[in-house]
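User: Hi! Could you walk me through some side-chain contacts in this one?

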Amino acid sequence: MLWKGRRQSANIEDRRGMTGRKAAVGGGLGAIALTIIILLLGGNPEEVMQNLQAPQAAGQEQTRALTDEEREVGDFVGVILADTEDVWHQILQQEGMQYREPKLVLFSQATDSACGFAQSATGPFYCSGDEKVYIDLEFFTQMQQRLGARGDFAWAYVIAHEVGHHVQNLLGVMQQANERMQGVSQQEANRVLVRLELQADFLAGVWAHHAQRLKGLMEEGDIEEGMNAASAVGDDRIMKQQQGYVVPDAFTHGTSAQRLRWFSKGLKSGDMRQGDTFAAAEL
Ligand SMILES: [Zn+2]
């Protein structure tokens with residue numbers, strides 16, 4: 001991707017280099033509410049909830065200097081976040097809405113969020129409670145090593161997916177999905193979550209379409225990287241990697257093929273109105 005020398009977002013909260021935590025986070029959120037708030041890319045929801053609900057003892061706050069490589073990845077994330085701001089300001093303005101920019105927290109190992117305690121194992125997530133995207137850059141390395149999703153556009157796709165959840169929050173879709181999940185079975189709740197996740201993939205595609213139109217940031221091979229990332233982080237692929245088999249009822253992100261399909265749809269059309277995954281007869 002052609003990203004160097006471009007504007008960086010002022011909404012990055014860099015907590016890397018800080019270890020330890022100030023205080024334990026209380027639980028109190030219901031499992032479903034927590035699942036809906038913590039929208040993950042590529043984590044096992046149950047494992048994540050355990051992580052979020054089991055805060056470790058308070059440790060010493062320590063800081064260390066970032067390496068050159070870490071600083072460069074941080075700059076890249078800043079540029080991509082700025083791109084999402086430019087695109088979503090424009091798109092929502094056309095819809096007569098104002099875009100409220102989210103913050104993006106970079107952390108290493110563990111950090112606090114309004115949605116609970118986050119660890120690297122959590123994977124990237126969006127918390128509607130504080131309107132922040134949380135990313136441990138270790139996940140990018142894992143994507144590369146364990147899921148075979150390589151390249152900077154694959155990372156951009158992850159950021160755009162999480163920002164997509166923020167857009168869903170602003171549009172009220174997240175609230176509606178949360179209501180649909182009240183009092184239904186776990187399987188039914190999962191079906192709602194899959195539609196929410198696929199729509200975030202669609203919105204990541206819409207972002208890529210307009211980012212390309214406005215800034216021409218993509219190079220040859222970038223789309224393939226994004227497609228590869230979309231398919232690499234599908235629930236079926238992750239479950240095969242982690243457990244050696246697939247458990248359809250536990251899917252919360254959709255299969256690789258479904259994620260790829262919705263990302264491509266957003267990428268080709270750039271049209272937000274084509275992304276109603278809740279009304280779609282077929283995913
Ligand atoms: Zn997600």
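User: Is Asp 83 buried or exposed?
Analyst: Asp 83 is buried, at a relative accessible area of 1%; buried means under 20%, exposed over 50%, and partly exposed in between (1.4 Å probe, protein chains only). This is a predicted model, where local features need pLDDT of at least 70 and side-chain atom pairs count only at pLDDT 80 or more, while totals for chains, interfaces and linings use all residues. Residues are numbered from 1 along each chain as its sequence is written, and side-chain values use heavy atoms, with hydrogens and water left out.

User: Which side chain does Asp 83 meet in a salt bridge?
Analyst: That would be Arg 6, at 2.4 Å, N to O. A salt bridge here is a side-chain nitrogen of Lys or Arg within 4 Å of a carboxyl oxygen of Asp or Glu. Arg 6 counts as partly exposed, at 24% relative accessibility.

User: And how many salt bridges in the whole structure?
Analyst: The search finds 15. Among them, Glu 95 pairs with Arg 273, with the closest N and O atoms 2.7 Å apart.

User: Switching to rings: how are Phe 76 and Trp 155 arranged?
Analyst: Their centres are 6.1 Å apart and the planes sit at 70°, so the pair is edge-to-face. Rings of Phe, Tyr and Trp (its six-membered ring) pair if their centres lie within 6.5 Å; planes under 30 degrees apart count as stacked, over 60 as edge-to-face and the rest as tilted. Both Phe 76 and Trp 155 are buried.

User: Which residues do ring pairs link into a cluster?
Analyst: Trp 3, Phe 76 and Trp 155.
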